[in-house]
Amino acid sequence: MISLYLARPLGATAFALIRWASLVLAILAFVLTPLLVLFIGGLTAGVSFREEIGPVAWALGGAVVLALLVATVSALVASWTLRRGLAIAGTIIVLMVGLGVTVALKETLFAEGMDTAAHWVSLLSPFALVDAVTAVLGDTAGQISQAPESALTGWLLLLAALALMAGGLLLLVRRYRSKGA
């Protein structure tokens, strides 16, 4: 593999996409492992496979979407910083402050009776967005706030999440092309 790499340097597009894919895989390892361990542990304890496979499937799907979104945001933040330490701190700040702002806005909008707008504010944070999508499509209670009432809203939020990820990837590739990775 290393001889292939040394034969011809990677272009900026390939470099950006490989870097993003490695982030996705690393985040998936951290997010999927506990879900699978709990599921397998439940099965060994005698929990019904038929009852648990549906919720676990939605949780695994949500974990994949979360990994895609967090990797996209992290890669974008890191591409704009000059030092690794700043990239780590910047990513944490963007993700955590973004979640706090999103939750505050959502709760304010819910209190004002603007429920539809509150659900769309979820687009500001990957965590709130995945929570809203998995809550409505997986038919569970939301962990961050109320789930949207309509399945259509859930599907539209999922499409918006995938569109944000694709747009983020385009920005990432554009950044590495201009930066000259």
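**Core and helix packing in the predicted model**

Of the 30 residues in the largest nonpolar core, those that touch the most other members are Trp20, Val24, Val65, Leu69, Leu129, Val133 and Leu172. A nonpolar core is here a set of buried Ala, Val, Leu, Ile, Met, Phe, Trp, Tyr and Cys residues joined through side-chain atoms within 4.5 Å, where buried stands for under 20% relative accessible area, exposed for over 50% and partly exposed for values in between (1.4 Å probe, protein chains only). At least two residues of this core come from each of helix 2 (12-44), helix 3 (49-79), helix 6 and helix 7 (151-179), and helix 3 gives the most, with nine residues.

The model is a predicted one, in which local features need pLDDT of at least 70 and side-chain atom pairs count only at pLDDT 80 or more, while totals for chains, interfaces and linings use all residues. Residues are numbered from 1 along each chain as its sequence is written, and side-chain values use heavy atoms, with hydrogens and water left out.

The protein chain holds seven helices and zero strands, and its elements accordingly read α-α-α-α-α-α-α from the N terminus on; helices (H or I, at least four residues) and strands (E, at least two) are DSSP runs, numbered from the N terminus. The C-alpha trace spans about 55 × 45 × 30 Å along its principal axes. Among contacts (heavy atoms within 4.5 Å) in the protein chain with a separation of 6 or more, 64% are accounted for by residues 24 or more positions apart.

Val65, one of the core residues named above, is in contact with Val130, Leu158 and Ala161 when its neighbours within four places in sequence are left aside. Leu158 has its place in helix 7 and, at 16% relative accessibility, counts as buried. Not counting residues up to four places away in sequence, Leu158 touches Val65, Val133 and Leu137, and its C-alpha atom is separated by 9.0 Å from that of Thr134, 24 residues apart along the chain. Leu162, which also lies in helix 7, counts as partly exposed at 36% relative accessibility; the C-alpha atoms of Leu162 and Leu69 are separated by 8.2 Å, although these residues are 93 residues apart along the chain.

The axes of helix 4 (residues 84-111) and helix 6 (residues 126-137) come within 8 Å and cross at roughly 55°, the axes being lines fitted to C-alpha atoms, for helices over the stretch in contact, with angles running from 0 to 180 degrees between N-to-C directions. Helix 4 and helix 6 are therefore oblique to each other, given that angles under 35 degrees count as roughly parallel, over 145 as roughly antiparallel, 65 to 115 as roughly perpendicular and the rest as oblique. Leu95, Met96, Leu99 and Thr102 of helix 4 make the contact with Pro126, Phe127 and Ala128 of helix 6. By class, this contact has six nonpolar, one polar and no charged residues, with Ala, Val, Leu, Ile, Met, Phe, Trp, Tyr, Cys and Pro counted as nonpolar, Asp, Glu, Lys and Arg as charged, and the others, Gly among them, as polar. Ala111, placed in helix 4, counts as exposed at 66% relative accessibility, and its C-alpha atom is separated by 21 Å from that of Val133, 22 residues apart along the chain.
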